[in-house]
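Here are my notes on the model you sent over. Have it open beside you as you read, and follow the points in order.

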Amino acid sequence: MSQKNIYSSSKNNRRNNQDNFRSIYNQAKKDHSVNKLHYKNNNKRYKYRNKRSIWIKVIIIILVLVLLLVGGAVSAFFYYFGGLNTDKNFTQNPQDLGLVTSSKINNDVTNIALFGLDTRERGARGRSDTTMIATFDGVHKEIKVTSILRDSRVEIEGHGKDKLCHAYAYGGPELAVKTLNKNYNMDIMEYVSVNFTQMAHIIDAVGGLDIEITKEERVAANGLIASTPELSYSEEIPAFSGKSATLHLNGSQAVSYARIRKIDNETKRAGRQQIVLQLLLNKVMDMNVTQYPDFIKTMLSYMDTSLNYQDILGFIPVLMFGKPTLKTYKIPDENDPNVKGGMVNGVWYWVYDLKVYANKLYNFIYNEE
């Protein structure tokens, strides 16, 4: 081989080696870039997964805290409202309660029947020694209480003309509410009933009441305390000088005062009951907000009612946001010349035109006349 050919071959080899080296270098550089990108992407993905994991943990912790708080609130709710004895057998059918239609007279006004029973044992029917209609006006922030005298002569379904107080004994709260609706054209769908011992405990829960009482009322009330074992846990109402005095009465004493009948008449008795109810409401309104939970817990445990938790919570705005006005009314008016009190077939009644007094009641509740 000539020297020229040897030189040419060597030059070609060097060029090939350079090309190979360049190719290897470029490939290595490319591989390095790919690896760097791959690492960068993996690092981003790792950071993303790490952040995602942290947020998931945070969300889980928040949910657990919320559940604990809600659970605590629910526990507190049932601690204070768990004593509510809702009558689940009480009908929700308006026709069964004597309403002409299923709609209320006014959706902003709720009427509830209040029955004070002359029973000793909880759950026993007995007569409604006291019958009232409590009206909650959510718009005007008013509470109205209408007392209907127990000896009113009304029509009781299945029993003809009889005393209003007998309706509860004949058919429990359903017949008693139906009797009110049919005779006085009301739209009552709910009731609350307490016997006199339960009422005494509710009054004790507010610390008793300051009531102006006469000497004659004191003697009569003490006689009821002595003759009623369920109320005799308290001392007698103390003596005082003068014809009357304002005394601090405990639950037993206040209920005995409200039950007095024999020294005057049924109208005066209804007036005493309204005094007790008004003073009780005033004490509740004057409570510190922190006192409400314990009072509610105590009160609910001493009453039977068709109301549920949601119903009771609905009355809170009327009771808590500004002191509501309390207005009272009695049926019938003993000074009305058309109202007669006397014997009918050997039984003493208050006899009056039910349609006239149904209109009077409507005006008191809705028209404020």
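1. Helix α3 (residues 196–205) lies across β2, β7 and β10 (304–305), and its direction is at about 90 degrees to β7. Helices (H or I, at least four residues) and strands (E, at least two) are DSSP runs, numbered from the N terminus. Angles run from 0 to 180 degrees between N-to-C directions, with axes fitted as lines to C-alpha atoms, for helices over the stretch in contact; contact means heavy atoms within 4.5 Å.

2. A word on the source: this is a predicted model, in which local features need pLDDT of at least 70 and side-chain atom pairs count only at pLDDT 80 or more, while totals for chains, interfaces and linings use all residues. Residues are numbered from 1 along each chain as its sequence is written, and side-chain values use heavy atoms, leaving out hydrogens and water.

3. On the other helix to look at, α10 (residues 354–367) lies across β2, β3 (128–137), β4 (142–148) and β11, running at about 175 degrees to β11.

4. What is the order of the strands in the open sheet of seven? The order is β1-β10-β7-β2-β3-β4-β11, with mixed pairing. β1 (85–86) and β11 (325–331) are at the edges with a single partner strand each, so one side of each has no neighbour in the sheet. Two strands pair if DSSP finds at least two bridges between them.

5. Strands β2 (residues 109–117) and β7 (residues 190–195) run parallel and are joined by six bridges; F115 stands opposite S193 in β7. With β3, β2 pairs in the antiparallel sense over nine bridges, and there N111 stands opposite T135.

6. β3 is mostly covered, with 10 of its 10 residues buried (under 20% relative accessible area, 1.4 Å probe, protein chains only). β3 also pairs with β4, antiparallel over six bridges, where I133 has T146 as its bridge partner. The two strands form a hairpin with four residues between them, and K141 in the turn has a positive phi of about 55 degrees.

7. Leaving aside neighbours within four places in sequence, N181 is in contact with residues including L97, G98 and I188. N181 and L97 are 84 residues apart in sequence, yet 7.1 Å apart in space, C-alpha to C-alpha.

Note on methods. Buried < 20%, exposed > 50% of the residue type's maximum accessible area, 1.4 Å probe, protein only.
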